[in-house]
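Biologist: Hi! Could you walk me through this one, in plain words?

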Amino acid sequence: NYIQHFAFSILHSQFSILAAYEGAISQQGSLGVSYRYRIDDAQDQLHQQVLEQTAFTRFASNDYLSRSREEEHEVDVHYSHAFPFTGGAHRLTAGGRYNYRQLVQEQLQAWDDVTILNDTFTHRTHYGAIYAGYQFRYKTLTAMGQVEYRYSRMQQQNLHDVLPMARVAWQVRERHTLSAQYGVRLIRPTFIHLNPAHVKGAYTDRNGLETLVGTHVHRVSLGYAFGTSVAQTERPALIKATKSSAPPMRTSSLGTPNVRGEVSLFYLTANDGLTAIWLEKEDIRTYIWGNDGLRHAVGLTPMVNWQPVEELQLHAEATLLWDKRVAAAIHKQNEHVGIAGQLQLTHHLPYGLRWGAHCDYSYGNTLDLYSYAGHGVRAGLMFGADMLRAKQFHLALRYDYVYAPAVHFITPVSYTGATRRLLPNRHEIALLLTYDF
């Protein structure tokens, strides 16, 4: 009738705590409460090098030493109520969420060994959300919808957003399901986009804009799934995936030997993307942010889980994405085809032990109007154990070798180049402890 969950994780320079409770409060109703805390101290050294210049002749290179400390608190409360009836079921869900995040970032910059700059920014974000959803299931048809209202407070800006989501799934026959889904994702502006942010360098002048709103990415997808139930590898919500971290993995209970696959075709579009409008005069590059960026993207995502024997599980997935960003105001567009893939093996041993290996690869993903990512690799090993009599205490230790991708950029009129980490090779160790009451 209830689930209680507590976990904490230490990952590289990141520490996280998650506590969650969900239990039945009536025959049809259940209540859930969760709290998550995360703190992340990061340091990065970057080198920006101009490869080809036309009109912008003075600027050649730029070194960054960036240090940041991010702290986050999140509380979520939700209630679910089921209404069974002959041949199907209804379910209503409603809840609320509050998130507070503070980011302190310090940048030490050396422009062509001419000037040393020391800038420190503090950015605080508050957002609250309330949401309500409805799910209907009748025989082989399942439909669900959800609407979320989100309020965001950043610097001097207040944002109000409504984010809908809808999904329909139809089991055509046993082991074969078709689905369609639509949703809207919100990408908020960061501290560098908003007033009073003003970053002035030896050859650059960057200005925030207080009237910016978030980018609304609309996503439509069609999916096909086949196969029987399979134990799927999941990444828990304890640690959010970032450029510098990937959480340890847990696996659900084993099923019978089987195979399951899924393929999804999706389309993304946005017409209010954050875009830097560039002006260059006398070798001074000045720009200000705006909400006039257009984005169109089409992607294909295949995935397969294969369990040849009960103790062994193989997982593979990939994404092929064509992504185009456009800024009509400056007659500039950036178009690339990006790929990303993941291979993963998990082997369960006697006495609740398990080990696994994984490898992630990506290349060419469009980052914004002016840049795209180079080759990136993450590979490593995971060792875990389920302990105590009821196997309710879980321990996982993960090692990753990370090769961080370079960022390749091209400006509207003057130069092309790349930003690379001075130490692109990184070794990360993560520890995850979980106790289920």
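**A chat about strands, loops and rings**

Modeller: The side chains of R426 and E428 are joined by a polar contact of 2.9 Å. Keep in mind that this is a predicted model.

Biologist: Where does R426 sit in the chain?
Modeller: R426 belongs to strand β26, which covers residues 425–436.

Biologist: And is R426 buried or exposed?
Modeller: R426 counts as buried, because its relative accessibility is 15% and the cut-off for buried is under 20%.

Biologist: Zooming out, how many helices and strands does the protein chain have?
Modeller: There are 26 strands and 0 helices in the protein chain. The chain has 437 residues, and 41% of them count as buried.

Biologist: Since it's predicted, where is confidence lowest and where is it highest?
Modeller: Strand β13 (residues 233–234) is lowest, with a mean pLDDT of 38, while strand β19 (residues 353–363) is highest at 95. Where pLDDT is low, the predicted coordinates should not be read in detail.

Biologist: Good to know. And the average?
Modeller: The protein chain averages a pLDDT of 79, and 74% of the residues score at least 70.

Biologist: Back to the strands. How do β8 and β9 pair?
Modeller: Strand β8 (residues 157–173) and strand β9 (residues 176–187) run antiparallel, paired over 8 bridges. As an example, A169 has S179 in β9 as its bridge partner.

Biologist: Which other strand does β9 pair with in the antiparallel sense?
Modeller: β9 also pairs with strand β12 (residues 215–227), over 12 bridges.

Biologist: What happens at the turn between β8 and β9?
Modeller: The hairpin has 2 residues between the strands, and R175 there takes a positive phi near 75 degrees. Most residues other than glycine have a negative phi. R175 is partly exposed, with a relative accessible area of 49%.

Biologist: Which other residue has a positive phi although it is not a glycine?
Modeller: K139 does, with a phi of about 55 degrees. K139 is in the loop between β6 (115–138) and β7 (141–154), and at 63% relative accessibility K139 counts as exposed.

Biologist: New topic: how many aromatic pairs are in the whole structure?
Modeller: The search finds 2 aromatic pairs. In one of them, the ring centres of F136 and Y138 are 6.4 Å apart and the planes meet at 10 degrees, so the pair is stacked. F136 is partly exposed at 21% relative accessible area, and Y138 is partly exposed at 35%.

Biologist: And why is the pair of Y224 and F226 stacked?
Modeller: The planes of Y224 and F226 are at 25 degrees, with centres 6.0 Å apart, so this pair is stacked; planes under 30 degrees apart count that way. Y224 is partly exposed at 30% relative accessibility, and F226 is partly exposed at 32%.

Biologist: Last one: which residue lies over the face of Y127?
Modeller: R188 does, at 4.0 Å from the ring centre. In another case, the charged end of R219 sits over the ring of F266, 4.5 Å from its centre.

Notes. Residues are numbered from 1 along each chain as its sequence is written. This is a predicted model: local features need pLDDT of at least 70, side-chain atom pairs count only at pLDDT 80 or more; totals for chains, interfaces and linings use all residues. Side-chain values use heavy atoms; hydrogens and water are left out. Helices (H or I, at least four residues) and strands (E, at least two) are DSSP runs, numbered from the N terminus. Buried means under 20% relative accessible area, exposed over 50%, partly exposed in between (1.4 Å probe, protein chains only). A polar contact is a pair of N or O atoms within 3.5 Å; within protein, one must be able to donate a hydrogen and the other to accept it, and residues adjacent in sequence count only if both atoms are side-chain atoms. pLDDT is the predictor's confidence in each residue, from 0 to 100. Two strands pair if DSSP finds at least two bridges between them. Rings of Phe, Tyr and Trp (its six-membered ring) pair if their centres lie within 6.5 Å; planes under 30 degrees apart count as stacked, over 60 as edge-to-face and the rest as tilted. A charge sits over a ring if NZ of Lys or CZ of Arg is within 6 Å of the ring centre and within 35 degrees of the ring normal.
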